[in-house]
Amino acid sequence: MHVATPSTGEAMEALSVEPAQANEHAQDHQQYASLSAHTTDHDSWLQAGLLLVTGFNCGYILSFSNLMLVPLGWTWGIICLGVVGLYTAYANWLLAAFHFIDGQRFIRYRDIMGFLFGRKLYYITWVFQFLTLLLGNMGFILLGGKALKEINSEFSETALRLQYYIGMTGAAYFMFAFLIPTMSAMRSWLAVSAVLTFSYIGLLLMVVIKDGKSDANKNYKLKGSKVDQTFGALGAVSATIVCNTSGLLLEIQSTLRKPVVKNMRKALGLQYTVGLIVYYGVTVAGNWAYGSDVSEYLPEELSGPKWVKVFINSSVFLQSVISQHIFVAPIHETLDTKFLKLEETMNSATNLKRRLLLRAALFAINTFLTAAFPFMGDFVNFFGSFTLIPLVFVFPSLIILKVKGKTARMEKKAWHCFNVVAFLFLAVAATIAAVRLIIDNTRTYSFFADT
C-alpha cells in the first residue's frame, strides 16, 4: 500500500482554494486520500521522460500521415501540427501544477475533479479517462495484429485472418501486464523500448525517403466532397491531439519522486522536444513520400527489401507490447487498489491469483472487441474528440477558474472561459465527425472484417 504526501517545499508549489472554499473542501480530504496498490514517489524525471518519448513514438505514429495530414493538406496540416503541439504542451504544463491543491497531493485526475466539483465530475472524469484508455488499448491491439500479419505476409501468400493476429497480440499484452504489474516496474524495459523505437523509426525513415525520391508523381489533393473534407479535418484535429497527449498526466506524475511538479515538467520538456520531433518527422515524411494515398498503416507502403519490412514490423510489435502498458496502467491501478489485498505484497500468492484474473478479464474483453471492430482510424478519432479534448483542454481551465477565480486577473479568467467554451464546441463537432466515420466504416466492413 502506498500513500503519497507532499513535502513542505512542494506544498509551497501547490495551488490553494479560495478561503471561502477551504471549509467546503476540508471534509473531502480523507475521501480523496492518495491510497494506491501501485508504487508512488519513486521514479526519476528521466524515467518518466523516457516513458513519454517512447510511449508517444509507438506504432500509432505509423497511422498519423493518413489520419492527420491527408485530410488537411500541407498548409493546414502543418499549421494544425504546430498549434496543437504548442497548445497541448501548455495544457499539460498547467495540469502538472494540479498535482497539489490546498496542500493535498492528488495522484488521479478524477480525484481532483471530485474534490473541487463533487461526485458528478468525479464520475464523468473517470468515464472519460477509462474510455480513452480502453479505446487506446484497442488501437494498440489492432496495431500489433497488423504488424504480425505484415510479417506473415512476407513469408506466406496464405496469411491467417487478422483476428488470429489480434488474439496473439492480446495474449502477449496480457502476459506483459501480468509480469510487469505497475508503471514503475517498467524501468528496465524502457531502455529496450527506446532501442526498438529509434531503430525501427530510423530504418523506416530511410526507406520512406528513398521511396519518396523515386516517385515523381505524388498526389497531395484533398479527397471527397466539401462535407467529407470538413468532417475529415475535424477528425485530423482529434488525431493530432491523440498524437500529443494522453489524458493521464497526473497518473504518470504520481510515480515521480520529489519535487514532483518540477520533475514532471522536466519530463514534459523531453516529450515536447525529442519526442515531438520524432513523431512529427515520421508523420510529415510519410505524407511527403506517398501523398494522399498513404496507407493507414505506413509499413504497408514500404518498397522493401523484405528484411527491412520484417524488422520494422517486428520492432513495432515488440515495442507496442511495452508502450501499451503505459496507457492502460491506470486501469490496472484502479482494479488492483480495489481488489488486491493492500496489506500484502504485490506478488503474494493471493494477489498473484487476483491479478491474473483481473488482467485476463480486461484483455479478453478488449481483444474480442478489437477483433469485432478492426478500424484503426475510428479508435484514434473517437477518443481524441469525445474524451481527450475535455480532459486536456476543458477541465484544466475549469480547475483554474474554481481555484483562482476570485483572485485571478480579469484577462486570465476570460482566457480560461474562452478555452472552456471553444473546446467544448470543438469536442462536440469532432465527436460528430468521429461517429460519422464509425457509421461509414460499419457500412463498408462487416463485424470481424479481415482488414
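This is a predicted model: local features need pLDDT of at least 70, side-chain atom pairs count only at pLDDT 80 or more; totals for chains, interfaces and linings use all residues.
1. Next, have a look at Lys223, which makes a salt bridge with Asp293; here the closest N and O atoms are 3.1 Å apart. Lys223 is in the loop between helix H9 (187–214) and helix H10 (226–244), while Asp293 is in the loop between helix H12 (260–290) and helix H13 (306–339), so this pair ties together parts that are 70 residues apart in sequence. Lys223 is partly exposed, with 48% relative accessibility.

2. Now for a pair in another setting. The side chains of Asp336 and Arg359 meet in a salt bridge, at 2.9 Å from N to O. Asp336 is part of helix H13 and Arg359 is part of helix H14 (residues 349–372), so the bridge ties together parts that lie 23 residues apart in sequence. Buried or exposed, these two? Both Asp336 and Arg359 are buried.

3. Salt bridges can also join up into a group. Arg108, Asp111 and Glu333 are linked in a network of them. And how many salt bridges does the structure hold? The count is nine.

4. Finally, the cysteines. A disulfide is a covalent bond between the sulfur atoms of two cysteines. How many disulfides does this structure hold? The number is zero. Take Cys58: the nearest cysteine sulfur is that of Cys243, 9.3 Å away, and Cys58 is in no disulfide. To count as one, the two sulfur atoms would have to be within 2.5 Å.

5. While you're on the cysteines, check how accessible they are. Cys58 is buried, because its relative accessibility is 3%, and the cut-off for buried is under 20%. Cys417, on the other hand, has 39% relative accessibility and so counts as partly exposed.

Technical notes:
Residues are numbered from 1 along each chain as its sequence is written. Side-chain values use heavy atoms; hydrogens and water are left out. Buried means under 20% relative accessible area, exposed over 50%, partly exposed in between (1.4 Å probe, protein chains only). A salt bridge is a side-chain nitrogen of Lys or Arg within 4 Å of a carboxyl oxygen of Asp or Glu. Helices (H or I, at least four residues) and strands (E, at least two) are DSSP runs, numbered from the N terminus.
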